[in-house]
Amino acid sequence: MTSATETDPATDQADDSRRVSMLLGLLFGLAGMGSSSAAVALALIGEDLGVSAGLAAWAISLYVLMLAVTTALYGRISDLVGVRGPLLAGLVLMSVGALVASLAPTFEVLLGARMLQGAGAAAVPTLGVTILSARYSGEVRGLAFGRLAGVAAAVSCLGPLIGGVVEAAFGWRAVMALPILGALVVPLLWRALPTGGSGARLDVVGAVLVALTSAGMVLLVQSPSGGLVVAALGAVLLVLGVPAVRASVRRRPDGFLPVEVIRNATVVRSAIAASAVPASWFAMLIALPAVLLAEGWEAWQVGLAMVPSAAVALLVPQVTGPMLARIGPSRSLAIAGLVASGALLVATAGAFWASATVLVVGIVLVTFAFGLGQPALSAVVGDAVHEDVRGVALGVSTLLFLIGGSIGSAVVAGLSGPLGMPGALLVLAVLPLLGLVVLAPTLRRTAASPAA
């Protein structure tokens with residue numbers, strides 16, 4: 001007979017996973033809020049620091065750039081030394097960058113601070129899923145992934161509302177400082193952070209080459225809103241970087257970008273397919289405010305329109321965990337792609353009619369897709385590679401995931417001018433369907449494996 005003081009280990013793990021995953025989701029959401037809350041402050045930033053609205057938008061673009069290009073770096077470092085050090089370093093950089101941005105006397109200082117902030121914030125998405133992959137398994141892990149994505153999406157959705165309220169009360173500088181709140185979460189997570197690593201040395205040359213090549217890719221997809229110089233710089237970095245990375249991998253197969261990861265078809269196909277989901281997500285985060293502000297809405301009213309999607313984000317984990325366990329992460333990822341494409345079609349109609357109700361339905365659907373797609377990708381990649389390279393595999397997949405977000409924001413910014421917002425959203429609706437084509441071989445292998 002079991003004594004009253006004994007506990008079920010499975011119950012303890014589930015309870016622990018709930019706390020850890022929600023705290024990591026809060027961190028992830030605060031990192032995402034660095035973009036969503038700052039968007040409502042761009043007009044005042046430009047006015048206060050003497051730059052145009054278009055130039056002020058680089059305060060977001062450079063943040064996203066650094067967020068994307070440094071994700072794989074944190075993943076690889078965590079493989080070598082464990083999670084604690086890299087996560088703490090990233091949060092310190094994010095907090096210092098946010099503080100400097102809030103005090104920036106010039107626009108140039110603001111841009112530098114935002115780049116520092118983005119480089120620090122990149123630690124959170126990669127290392128968050130690394131922690132959950134290493135700590136949990138089975139349905140508990142699926143539920144944990146779902147909670148992380150749900151809380152992160154909810155906090156990001158509330159970014160425009162929080163940013164609008166804070167800006168109205170304290171000005172844009174207080175909005176820039178919001179991510180500092182992430183430092184308060186670290187003590188609550190400290191004991192749950194893995195410390196072990198392989199002890200190997202970091203391939204610095206490989207890390208630099210991957211970062212520069214990634215920067216070229218992100219700059220190229222953002223060039224529709226950045227202009228010819230940005231496009232040229234991105235193209236040069238990409239053209240020179242790809243062969244340099246290939247040479248680096250041949251020289252050191254177990255280096256920064258292990259051959260085991262880049263030759264893993266499941267990892268690559270899943271990451272490419274999943275990247276269409278954040279493309280839809282970031283596109284909607286830009287499109288909904290743009291359409292409603294053009295209709296005369298105030299920033300805080302736009303934020304209120306995002307509240308339903310935040311509520312849905314908190315409920316999605318109740319579906320995600322069981323779905324990952326029942327039909328598998330690859331099929332869940334396919335469903336996320338289909339929902340994302342449908343959400344963009346709904347948003348196209350909402351933008352055409354300038355209907356707030358239809359746009360809200362669209363962003364609620366894409367929130368569900370994000371809340372399912374991100375944990376499904378993490379589960380696929382975590383299962384597909386050895387634990388020694390799990391961090392860098394998750395980092396590379398998160399890199400492609402965030403590049404997808406850059407594509408979404410770039411298409412909306414670049415094509416909404418010549419095609420209008422409905423046309424830009426309609427073009428993006430094709431991307432998730434193309435992702436399903438890429439994912440198809442993985443789905444066929446998944447369908448065949450039970451019979452094997």
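These legends describe close-up views of one predicted model.

Residues are numbered from 1 along each chain as its sequence is written, and side-chain values use heavy atoms, with hydrogens and water left out. In this predicted model, local features need pLDDT of at least 70 and side-chain atom pairs count only at pLDDT 80 or more, while totals for chains, interfaces and linings use all residues.

Figure 1. Helices (H or I, at least four residues) and strands (E, at least two) are DSSP runs, numbered from the N terminus. The chain has 452 residues, and 56% of them count as buried. Buried means under 20% relative accessible area, exposed over 50%, and partly exposed in between (1.4 Å probe, protein chains only). Among contacts in the chain with a separation of 6 or more, 83% join residues 24 or more positions apart. Contact means heavy atoms within 4.5 Å.

**Figure 2. Met176 sits in helix 11.** This helix covers residues 172–176. Met176 counts as buried because its relative accessibility is 1%. Ala38 is 138 residues away from Met176 in sequence, yet their C-alpha atoms are 6.6 Å apart. Ala38 is also one of the contacts of Met176, leaving aside neighbours within four places in sequence.

**Figure 3. Trp281 and Phe370 form the one aromatic pair found in a search of the whole structure.** A pair of aromatic rings is described by the distance of the centres and the angle of the planes. Rings of Phe, Tyr and Trp (its six-membered ring) pair if their centres lie within 6.5 Å; planes under 30 degrees apart count as stacked, over 60 as edge-to-face and the rest as tilted. Here the centres are 4.8 Å apart and the planes lie at 20 degrees, so the pair is stacked. The pair links distant parts of the chain, 89 residues apart. Trp281 belongs to helix 17. Phe370 belongs to helix 22, residues 356–384. Trp281 is buried, at 3% relative accessibility. Phe370 is buried too, with a relative accessible area of 7%.

**Figure 4. The largest cavity has a volume of about 50 Å³.** The search of the whole structure finds two cavities of 30 Å³ or more. On a 1 Å grid over the protein atoms alone, a cavity is a set of points where a 1.4 Å probe fits but cannot get out; a pocket is an open set with protein on both sides within 12 Å along at least five of seven lines; lining residues have an atom within 4 Å of a point. Grid points are joined across faces, edges and corners, and a volume is the space filled by probe spheres set on the points. The lining of the largest cavity includes Ala273, Val277, Leu333, Gly337 and Pro432. Helix 16 (265–274), helix 17 (276–294), helix 21 and helix 24 (430–448) each give two or more residues to this lining. Helix 24 gives the most, with four. By class, the lining has nine nonpolar, two polar and no charged residues. Ala, Val, Leu, Ile, Met, Phe, Trp, Tyr, Cys and Pro count as nonpolar, Asp, Glu, Lys and Arg as charged, and the others, Gly among them, as polar.

**Figure 5. The second largest cavity holds about 40 Å³ of space.** Among its lining residues are Asp203, Val210, Val245, Arg252 and Leu257. Two or more lining residues come from helix 13 (204–226), and likewise from helix 14 (228–251). Helix 14 gives the most, with three residues. The lining divides into five nonpolar, three polar and two charged residues.

**Figure 6. The second largest pocket has a volume of about 570 Å³.** Its lining has 23 residues. Val210, Val245, Leu257, Ile262 and Val396 lie nearest the centre of the pocket. Helix 13, helix 14, helix 15 (259–262), helix 16 and helix 23 (390–428) each give two or more residues. Helix 14 gives the most to this lining, with five residues. By class, the pocket lining has 18 nonpolar, two polar and three charged residues.

**Figure 7. Thr348 lies in helix 21, residues 329–353.** Thr348 is buried, with a relative accessible area of 12%. A polar atom of its side chain lies 2.7 Å from the backbone oxygen of Leu344. Not counting residues up to four places away in sequence, Thr348 touches Pro422, Leu425 and Leu426.

Notes: A polar contact is a pair of N or O atoms within 3.5 Å; within protein, one must be able to donate a hydrogen and the other to accept it, and residues adjacent in sequence count only if both atoms are side-chain atoms.
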